[in-house]
Amino acid sequence: MSFFKTLSVDDSNDNKSVEMEAAENVKCLIIGSGPAGYTAAIYAARANLNPVVIQGMEAGGQLTTTTEVENFPGYPEGVTGPVMMEDLKKQAERFGTDIRWGEVTSVDFSKRPFNVVVDNKKPFIAETVIIATGATAKYLGLESEERYKGAGVSACATCDGFFYKDMNVAVVGGGDTAAEEASYLASLAKKVYLIVRKPYMRASKAMIKRVENTPNIEILYEHNTKEITGTNVVTGATLIKRKGQPDEEEVKIAIDGFFVAIGHKPNSDLFKDYIETDEVGYIKTIPGTSKTNVEGVFAAGDIQDSTYRQAITAAGSGCMAALDAERFLGEQE
Ligand code: NDP
């Protein structure tokens, strides 16, 4: 059932008045179209919740920027990220999921049913909402980094490390992620340079000890990346040692892969007035469930997971969110 309502809202982007479209009532609105969102959709559709998925700006999520995915069970020969996401989308559609273009621009979770507006003009009145908006890897912001994304520059060692067997790679970052990615890569690659901008790392003591004690990891403290160099693919990087100091010097390293591990930003800004997050912005869920602090709003995938951040764990939590939503709606009847 849908009802018509015409409203005028102030569109802060261009200051124009936007005519509101007809609102639609949905049982289960899924925000985000990565492995978590689509898996939630598959389960919710099969449970007759008639889910609507709002794809978001990056339809298909982070995996659409990955090349080969070899660690998702069920693909013995591997699969590319975009193909895998298309498969997940088709599977969700097969059971009747309604997938829409657009980006959620505002939400009101103060009372149920919840109000969710897409592209400033399309309101949805949702009995349950599953937030699966993911997290975005931070990059250094270099032009050369953009140029080699997918051709030697990656933000996920677990996804892409395998392609650098017996090669030389660099990891940039000084936190636990960088230390973990350097350790993982050291088990595959010939040599790993760990580029840390400060004279120390902020990772946990145990992780620092581990990278320091790994023979094929060389930690380059007080180094900043100036440029990633190459031909069609990455072949090296130019670093600045002790940037801004009187003894500043340029250092060149020969590498085949450049892994950026300087943190992720969870895409939770839109929900922060209603949904509890940790200090970084990851949505807090009740352990062992996908439930947030708002009854009827669930979270799945990287938006609530700073630890594992894998397609398969995201998919698993998407399944949990759909089952939690189904049970919640059952309890309301
Ligand atoms: P962090 O925010 O902890 O660390 C980011 C690192 O990147 C810092 O060393 C920072 O340097 C560096 N950095 C940021 N911007 C730049 C830049 N422009 N150039 C060079 N370096 C830069 O992120 P993590 O992803 O490592 O960790 C996030 C959270 O997840 C942490 O709480 C961490 O403990 C946790 N985690 C836990 C794990 C575990 O327990 N197994 C595994 C992975 C993460 P600087 O120090 O100079 O600011």
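Which residue in the turn of the β10 and β11 hairpin has a positive phi? D119, at about 50 degrees. Keep in mind that this is a predicted model.

Let me stay with that hairpin. Three residues sit between β10 and β11. Strand β10 covers residues 114-118, and five bridges join it to β11 in the antiparallel sense. Within that pairing, V116 stands opposite F124. F124 also has a charge over it: K122 lies over the face of the ring, at 5.8 Å from the ring centre.

Now β11 itself, residues 122-131. Nine of its ten residues are buried, so the strand is mostly covered by the under 20% cut-off. It has other partners. Strand β4, residues 23-31, pairs with β11 in the parallel sense over seven bridges. There, C28 stands opposite T128. Strand β22, residues 297-299, also runs parallel to β11, over three bridges. In that pairing I130 faces F298.

Next, the rings. The aromatic pair count comes to seven. One of them is F109 with F271, a stacked pair: 6.1 Å centre to centre, 0 degrees between the planes. F109 lies in the loop between β9 and β10, and F271 in the loop between β21 and β22, so the pair ties together parts 162 residues apart in sequence. F109 counts as buried, at 3% relative accessibility. F271 counts as buried too, at 1%.

A second pair is Y164 with F259. Their ring centres are 5.5 Å apart and their planes at 85 degrees, so this one is edge-to-face. Again, distant parts of the chain are linked: Y164 is in the loop between α4 and β14, F259 is in strand β20, and they are 95 residues apart. Both Y164 and F259 are buried.

Ring pairs link F109, F114, F271 and Y274. And one more charge over a ring: K149 lies over the face of Y139, at 3.9 Å from the ring centre.

How much space lies in the second largest pocket? About 230 Å³. Of the 20 residues that line the second largest pocket, T285, G301, Q304, D305 and Y308 are the closest to its centre. Helix α7, residues 311-332, gives the most to this lining, with four residues. By type, the lining divides into eight nonpolar, ten polar and two charged residues.

To recap: β11 pairs with β10 antiparallel, and with β4 and β22 in the parallel sense. The F109 and F271 rings are stacked, while Y164 and F259 meet edge-to-face.

Definitions and conventions. Residues numbered from 1 in each chain as written. Predicted model: local features only at pLDDT ≥ 70, side-chain atom pairs only at ≥ 80, totals over all residues. Heavy atoms only, no water. 1 Å grid on protein atoms, 1.4 Å probe; cavity = no way out; pocket = protein on both sides within 12 Å on 5 of 7 lines; lining within 4 Å. Points joined across faces, edges and corners; volume = space filled by probe spheres on them. Helix = DSSP H or I, 4+ residues; strand = E, 2+ residues; numbered from the N terminus. Nonpolar A, V, L, I, M, F, W, Y, C, P; charged D, E, K, R; others polar. Buried < 20%, exposed > 50% of the residue type's maximum accessible area, 1.4 Å probe, protein only. Pairing = 2+ DSSP bridges. Phe/Tyr/Trp six-rings, centres within 6.5 Å; stacked < 30°, edge-to-face > 60°. Lys NZ or Arg CZ within 6 Å of the ring centre and 35° of its normal.
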